[in-house]
Amino acid sequence: MKHKTNHRLHPVKISLIACILLCICLGTAWLNNIFNLDHSLFTSATADGVAYIHYIDVGQGDASLIALPDGSHILIDAGPKSAASSLTRYLSDAGITTIDYVILTHPHEDHIGGAPSVFEAYDVKNVIMPDVTTNTRIFAQTLEAIEKEDCQNYIAEPGDVYPIGDTAEMTILGPMQTEKSNLNNSSIILRFVYGNTAFVFTGDAEEKAERKMLDAFADKPLACDFYQVGHHGSATSSTLELLEALKPTYAVISCGKDNDYGHPHSEITKRLDAQGIIYYRTDEKGSILFSSDGNTVSLVEKTGD
């Protein structure tokens, strides 16, 4: 039988270890100063009236986080299951403990794969989903996680408005109808407004769903500062009519590096260029962060890793 032996560290060794630890701490502080690392940009709440919109790199999938100054958090989609640990790590690094709304645009794996992990790791208060089901295992696991969380569950209804604090609100613009044969066209289309700035998310909605939404809300404000490019930059989405109605200044394409679908399609990137829309790609830049002070939307450049 092996016995544990107690070894006492010599005082000189203790002093050496203490010096090494002190040097590590001072070195970290020095590096933060040299590279101007500002971790406050990634915290979940700010005191300066600035909202942060995170477009999280989850590979070939979608996941976006909205963090408001009052501490409210909205997660739109949860990426594929393969990126679940990366997603929860990102959220935790951002200081997230509670999520006010989880919005799952449609039940495809690249949008809900990380959802069970999110419900397990955080206190989720509300969930919004389209009124459509599928028979996949990950969808069943997501429903089980929602039931276990015992949070408020809403079906997305076009025209519904969800106030978030005093300065923000979400308006559901779609789906106008659910399609069991094409879950992409059952995607939630969402317009989020903070102060005088607006952000539009369309999930994987394709041309047919976009046109139905545009017809139904022709007399409503649709213009936005920012657009998350539909269906990962697929040619099935982001019609010219949609872009002309939204008139975004910025856009993000969420897609995986060297993905099997060829996303984003050149037809879409050329269309964005022709409209003068400044766009960024997660396969090129990784996670992308924007800020809004309620009047102006800005890209937050990374100052270090």
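Which residue in β5 is the bridge partner of V102? Keep that in mind while you get your bearings.

**Before you start**

This is a predicted model, so local features need pLDDT of at least 70, side-chain atom pairs count only at pLDDT 80 or more, and totals for chains, interfaces and linings use all residues. Residues are numbered from 1 along each chain as its sequence is written, and side-chain values use heavy atoms, with hydrogens and water left out.

**The whole chain**

Show the chain as a cartoon. It has nine helices and 15 strands. Both are DSSP runs numbered from the N terminus: helices are H or I with at least four residues, strands are E with at least two. Now colour by burial. Of the 305 residues, 51% count as buried. Buried means under 20% relative accessible area, exposed means over 50%, and partly exposed lies in between, using a 1.4 Å probe and protein chains only. Contacts, meaning heavy atoms within 4.5 Å, are next. Among those with a separation of 6 or more, 66% are between residues 24 or more positions apart.

**The eight-stranded sheet**

Select the open sheet of eight strands. Its order is β6-β5-β4-β3-β2-β1-β14-β15, and the pairing is mixed. Two strands pair if DSSP finds at least two bridges between them. Go to the edges: β6 (152-155) and β15 (297-299) each pair on one side only. From one strand to the next, the twist averages 20°.

Zoom in on β4, residues 98-103. This strand is mostly covered, with five of its six residues buried. Look towards β5 (residues 123-129): five bridges join it to β4, and the two run parallel. Here is the opening answer: V102 has V127 as its bridge partner. Now turn to β3 (residues 73-76), which pairs with β4 in the parallel sense over three bridges. Select I76, and then its bridge partner in β4, I103.

Follow the chain out of β6. D160 sits in the loop between β6 and β7 (161-164). D160 is partly exposed, with a relative accessible area of 30%. Show what D160 touches: I155, M170, T171 and I172, not counting residues up to four places away in sequence.

Then pick G174. D160 and G174 are 14 residues apart in sequence and 9.8 Å apart in space, C-alpha to C-alpha. Check the peptide bond from G174 to P175: it is cis, with omega near 15°. P175 belongs to the loop between β8 and β9.

Select helix α6, residues 207-216. Which of its residues are buried? They are A209, E210, M213 and L214. These cover an arc of only 135° around the axis, so they are on the same side of α6. The arc is that of the directions from the helix axis to the C-beta atoms. Their cover includes β8 (168-174), β9 (189-194), β11 (226-228) and α7 (240-246).

The structure holds one cavity of 30 Å³ or more. The largest cavity has a volume of about 40 Å³. M176, Q177, E179, N185, K208, A209 and K212 line it. On a 1 Å grid over the protein atoms alone, a cavity is a set of points where a 1.4 Å probe fits but cannot get out, and lining residues have an atom within 4 Å of a point.

**Backbone stops**

Most residues other than glycine have a negative phi, and most peptide bonds are trans.

- S238: phi is near 55°, a positive value in a residue other than glycine. S238 is in the loop between β11 and α7, and at 1% relative accessibility it counts as buried.
- K247: phi is positive, about 50°, although K247 is not a glycine. K247 is in the loop between α7 and β12, and at 57% relative accessibility it counts as exposed.
- H263 and P264: a cis peptide bond joins them, with omega about -5°. P264 is in the loop between β12 (250-253) and α8 (266-274).

Methods: Axes fitted to C-alpha atoms, helices over the stretch in contact; angles between N-to-C directions. 1 Å grid on protein atoms, 1.4 Å probe; cavity = no way out; pocket = protein on both sides within 12 Å on 5 of 7 lines; lining within 4 Å. Points joined across faces, edges and corners; volume = space filled by probe spheres on them.
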